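The chain is shown first.

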Amino acid sequence: MAALEHSRSLLVEAFLFIILSTTAACVVSTATAKSVPLPPLRFKNSNGQFKILQVADMHYANGQSTKCLDVFPSQVATCSDLNTTAFVKRMIKAEQPDLIVFTGDNIFGADTKDPVTSLKASFEPAISAKLPWAAVLGNHDQESILTRKQVMEHIVPMDYTLSKVNPHFHGKKIDGFGNYNLEVKGMKDSELEGKSVLNLYLLDSGDYSTDPKITGYGWIKPSQQAWFKETSAKLQKTYKSKPSEQAESAPALVYFHIPLPEVKIFRDSSIIGIKQEPISCPSYNSGFLKTMVQAEDVKAAFLKFMIRITFKYW
């Protein structure tokens, strides 16, 4: 109980609104060089806003031949991966985001005949809209003939993406693939034009435990947390330094796939929406919530792992 209460206080202290939102339910190609240069992410002069659309758990497989799950019998014949594509395109048209973040299980590797083709199709709505986008991996993306590293290596060269395999970190190995940060600059011609006024951290929460003594899903490792802490500290120092030094840190958002163990706290909380399966998270707590709290810049963590749950916690 003491640990539970401690976790509750950490959540309040960090203002971590953990939002869970569902969007829908071989041949290896050679990745090509990216052909579209991207300008820096930046808040708009027209309204002073920067909008991010999160897309999670598309579970894309083979297009029209992959039928939908959890639909009415009358919908089975006509519902497929293409419905997911159409839905994402409708969301893009309705929301007009400045950035799209895909938070894992972009494809369902076990069902894909060609994972490279499936990856291209899953991200096609963002690419055809010519919008910048970023992606992290879930626990199903690699369940085909590609490793997690190879999946990220195929994502990184795609047009309009800001995704990265991993950053340089003093020559040290960082666990996982797809750990990186993005900076959103201030409005053009403002005093903060050259500064990052919103920092985004994207991390690979893994797939399943590799420790024989621990069962269940993966978690964010110490090497990833060390990189996060150092990057956060550097960005905060830059934001508070000349020119245009600021008194407080720029806010930060964190994106990853598998929920933290603390999410289970919300079982007794008020929810809005539908819950059709248990909350799935690691049995091991690596302390990443505490790490985010101690960084003092993180305002929210966005994740997704439960396929048939469409609710949010506040």
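## Burial and the model

Buried means under 20% relative accessible area, and exposed means over 50%, with partly exposed in between. Phe-288 has a relative accessible area of 1%, so this residue is buried. The structure is a predicted model.

## Aromatic pairs

A pair of aromatic rings is described by the distance of the centres and the angle of the planes. Across the whole structure, a search finds eleven aromatic pairs. One of them is formed by Trp-219 and Tyr-284, a tilted pair with 4.9 Å centre to centre and 55° between the planes. This pair links distant parts of the chain, 65 residues apart. Trp-219 sits in the loop between strand S7 (196–202) and helix H5 (222–239), while Tyr-284 sits in the loop between strand S9 (272–275) and helix H6 (288–295). Trp-219 is buried, at a relative accessible area of 11%, whereas Tyr-284 is partly exposed, at 38%.

The rings of Phe-228 and Phe-288 make another pair: their centres are 5.5 Å apart and their planes meet at 75°. Planes over 60 degrees apart count as edge-to-face, so that is the class of this pair. Phe-228 belongs to helix H5 and Phe-288 to helix H6, and the pair links distant parts of the chain, 60 residues apart. The relative accessible area of Phe-228 is 0%, so Phe-228 is buried. Both Phe-228 and Phe-288 also belong to a cluster linked by ring pairs, together with Tyr-201, Trp-227 and Phe-256.

## Packing of H2 and H3

Two packed helices are described by the angle between their axes and the distance between the axes. Helix H2 (residues 81–95) packs with helix H3 (residues 115–128) at an angle of about 25°, and their axes are 9 Å apart. Because angles under 35 degrees count as roughly parallel, H2 is roughly parallel to H3. The crossing in which H2 passes H3 is right-handed.

On the H2 side, the contact is made by Thr-85, Val-88, Lys-89 and Ile-92. On the H3 side, Ala-121, Glu-124, Pro-125, Ala-126 and Ser-128 take part. Sorted by class, the contact of H2 with H3 has five nonpolar, two polar and two charged residues.

## Backbone features

Lys-242 and Pro-243 are joined by a cis peptide bond, with omega about 0°. Pro-243 is found in the loop between H5 and strand S8 (252–255). Ser-244 also lies in the loop between H5 and S8. Although Ser-244 is not a glycine, its phi is positive, at about 55°. Ser-244 is partly exposed, with a relative accessible area of 22%.

Asp-105, a residue other than glycine, likewise has a positive phi, near 50°. Asp-105 lies in the loop between strand S4 (99–103) and H3. With a relative accessibility of 0%, Asp-105 counts as buried.

## Surroundings of Arg-148

Arg-148 is placed in helix H4 (residues 148–155). Its relative accessibility is 11%, so Arg-148 counts as buried. Which residues does Arg-148 touch, not counting residues up to four places away in sequence? They are Leu-137, Gly-138, Asn-139, Gln-142, Phe-177, Asp-204, Gly-206 and Asp-207.

Notes:
Residues numbered from 1 in each chain as written. Predicted model: local features only at pLDDT ≥ 70, side-chain atom pairs only at ≥ 80, totals over all residues. Heavy atoms only, no water. Axes fitted to C-alpha atoms, helices over the stretch in contact; angles between N-to-C directions. Helix = DSSP H or I, 4+ residues; strand = E, 2+ residues; numbered from the N terminus. Parallel < 35°, antiparallel > 145°, perpendicular 65-115°, else oblique. Left-handed = near helix turned anticlockwise from the far one by under 90°. Contact = heavy atoms within 4.5 Å. Nonpolar A, V, L, I, M, F, W, Y, C, P; charged D, E, K, R; others polar. Phe/Tyr/Trp six-rings, centres within 6.5 Å; stacked < 30°, edge-to-face > 60°. Buried < 20%, exposed > 50% of the residue type's maximum accessible area, 1.4 Å probe, protein only.
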